[in-house]
Structures are given as structure tokens and as C-alpha cells.
Amino acid sequence: MTDAWREIATDNKKEADVCLMGIAFDGAASVGKGAAMGPEQIRKCSEVLPPVNQTGEFFTKLRVYDDGDVPFTLDWNDYYSTVEKQAMELLQEDKMCIFMGGDHSVTIPLGKALAKHYQGKRVGVIHFDSHPDLCDEYEGSKWSHACPLRRVLEDLIKPCDLAQVGIRSYEFEEVEFYNKHPELMVIKAYDIFREGYEKAAQRLVEKFSDYDAVYITLDIDVLDPAFAPGTGTPEAGGLSSRELMYIVNELISKTPVVAMDIVEVSPTLDTENQITSWAAVKIIYEVFARIAERRNKLDCFKTSK
């Protein structure tokens, strides 16, 4: 981890603009494993990337503190409690926090930490995924990676505070949940195909711009497998990397995003060139640029947009 994040890395949490934490866990994945290796591979990719985003905006003055990975234990309850505790400690620093999974079940303890930290605040959640992850129980477990958003709705928010983007695969139980809660915003992958990614971004900004805090949970399988093959449950018909980066940029710029997770990156299922991990780190660098802009630490040079 020594060379991760290159010249923008800092060991001083207090001077950081962004705090990172890895949650190297894939015990709740139902199909393809390997997401436990996601944080390590994302860091490796960052070792060779200069601090610049897709449009030539440099963020050399930004400082990133990496808290490492949460120590793994075989006791799920103990492990999730530790994730929640360490996430709380980072949230209390009042920095932008990015949590690197891991399978999507890691959002469950993260949601609990957010609920405690933002108690009494109006919090919204924007969920990028090919699956709704709204099952109450899957394969006998309420902690399955098919259940995190159901748990988030119990611990953190109401259905009216949730938007799901890129959805294109469903369990019958999840469709029933949608029918019972029409206030839950769903922007399907097919909607983005028909109406465009700019319209999707506009709808999200209009909904969440006046919230006190917004959390993004981003399952990399929201991308089409052509752009992100290294994930446990790939689904055809997804977003392109370009579309996703545009929407994320709009959200960081125009809504009060305070934290996010990026999950289900599975290097062991990826191509030789680690396409999926590279996509994940590029998304993170887009976020870095927007946070640098928020904190007036974005260098002046930029290419035309």
C-alpha cells in the first residue's frame, strides 16, 4: 500500500481531504467470489495514475488518507461491528469518505454507521447496480449481498429517500417491493438507453440537491460486462464507463455527497488487464477531482470539456 495514491497520499488524517477504507470481504457473495481482492487491486492501479481526471483537471493539492483494510475475522457479527466502528471514526473526520469493497453486503454495516453519524439529518442514498438488492433474505441470510439496500431501508432511510440507477435484473420479491413503494425512484438501465444519461443525472440532482447528506453505493456491475467483466454477477445491457462517470460527476458537483462505497470489483474474475479495477479507480479519480474543486484545490489547467 506504500505507493498507492502516489503524490496525493498522506499519513496525516487531519490534513486529508478524502479518507479511504478497504473492506476486503466477499463471504456474502452468492455466485462469483473474488471481491475480497478488490481494495488491493484498486490500490495497485492507483500507483501508476497521475492525479488528474478525464478532462485534464489536476488535483495535486488534494490529500488522500488511506486507513487500510478492516482486519478480517471469521465471526461475521464481530467483523461487521468492526467495519461499522471504523467507518464511524472516518465519518467523524468530516471528510469525503470512500469505502472500497468487498461484496455488496459491506454496505450493511456502513449504513448503520451513517445512521448513527447523521441521526436527525435528511439523508439520501443513490444506488448504482444491475440488481435492486432489496431481498429481505437470500439463500437463508439477511446479510447476503442481495439484501443490503433492504437493510439500509431499515437502518438509515425511507423508500422515498432512495434512488436506484442502472437496474436490469430482478427477483420477484423485489418487484413486489417496488409495487408497494412507488415513491422509491428507479432509473432502469433501459430508461438510460431510451432517455439518455444526462436526463438520468438531471432527475437525480433535482431529487437530492436539497438533502443534508447523500451517500452513493456503487456496485461495479452497474456497468455493462463489456466495461466491467470482473464482477460476480455480470448482467448484459448496462451503462458504459462514460455514462457512469458523467452521472457521478454531476452528483458530486451538484448534490451534498458526503461518502460512497464502490463494491463487487473481483480481480480474480477479471481479464488479464484488470479492466474492472481500472474502471473503478477511474471513477474514484473523477470523485477526487470534484472534491478538489469543492475545497478549492483543483489546479487551474484543464482541457476543454
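This is a predicted model: local features need pLDDT of at least 70, side-chain atom pairs count only at pLDDT 80 or more; totals for chains, interfaces and linings use all residues.
## Aromatic pairs and a cluster

A pair of aromatic rings is described by the distance of the centres and the angle of the planes. In this model, the count comes to 15 aromatic pairs. One of them joins W76 and Y80: the ring centres are 6.1 Å apart and the planes meet at 25 degrees, so the pair is stacked. Planes under 30 degrees apart count as stacked. Both W76 and Y80 belong to helix α2, which spans residues 76-91. They are separated by 4 residues, about one turn of the helix.

The pair of Y79 and Y80 has its ring centres 6.4 Å apart, with planes at 45 degrees, and is therefore tilted. Y79 is buried, at 1% relative accessibility, and Y80 is likewise buried, with a relative accessible area of 5%. W76, by contrast, is partly exposed, because its relative accessible area is 27% and the buried class requires a value under 20%. W76, Y79 and Y80 form one aromatic cluster together with F25 and F72.

## Charges over rings

R122 is placed over the face of Y211, at 3.9 Å from the ring centre.

## Backbone geometry

The peptide bond that runs from G101 to G102 is cis, and its omega is near 15 degrees. G102 is located in the loop between β4 (96-101) and α3 (107-117).

W5 is part of the segment before β1 (9-10), whereas D94 is in the loop between α2 and β4. Their accessibilities fall into opposite classes. W5 has 2% relative accessibility and so counts as buried; D94 has 64% relative accessibility and so counts as exposed.

Q41 is a residue of helix α1, which covers residues 38-46. The relative accessible area of Q41 is 17%, so this residue is buried; the cut-off for that class is under 20%. When residues up to four places away in sequence are not counted, Q41 touches P267, Q274 and S277.

Key. Residues are numbered from 1 along each chain as its sequence is written. Side-chain values use heavy atoms; hydrogens and water are left out. Helices (H or I, at least four residues) and strands (E, at least two) are DSSP runs, numbered from the N terminus. Buried means under 20% relative accessible area, exposed over 50%, partly exposed in between (1.4 Å probe, protein chains only). Contact means heavy atoms within 4.5 Å. Rings of Phe, Tyr and Trp (its six-membered ring) pair if their centres lie within 6.5 Å; planes under 30 degrees apart count as stacked, over 60 as edge-to-face and the rest as tilted. A charge sits over a ring if NZ of Lys or CZ of Arg is within 6 Å of the ring centre and within 35 degrees of the ring normal.
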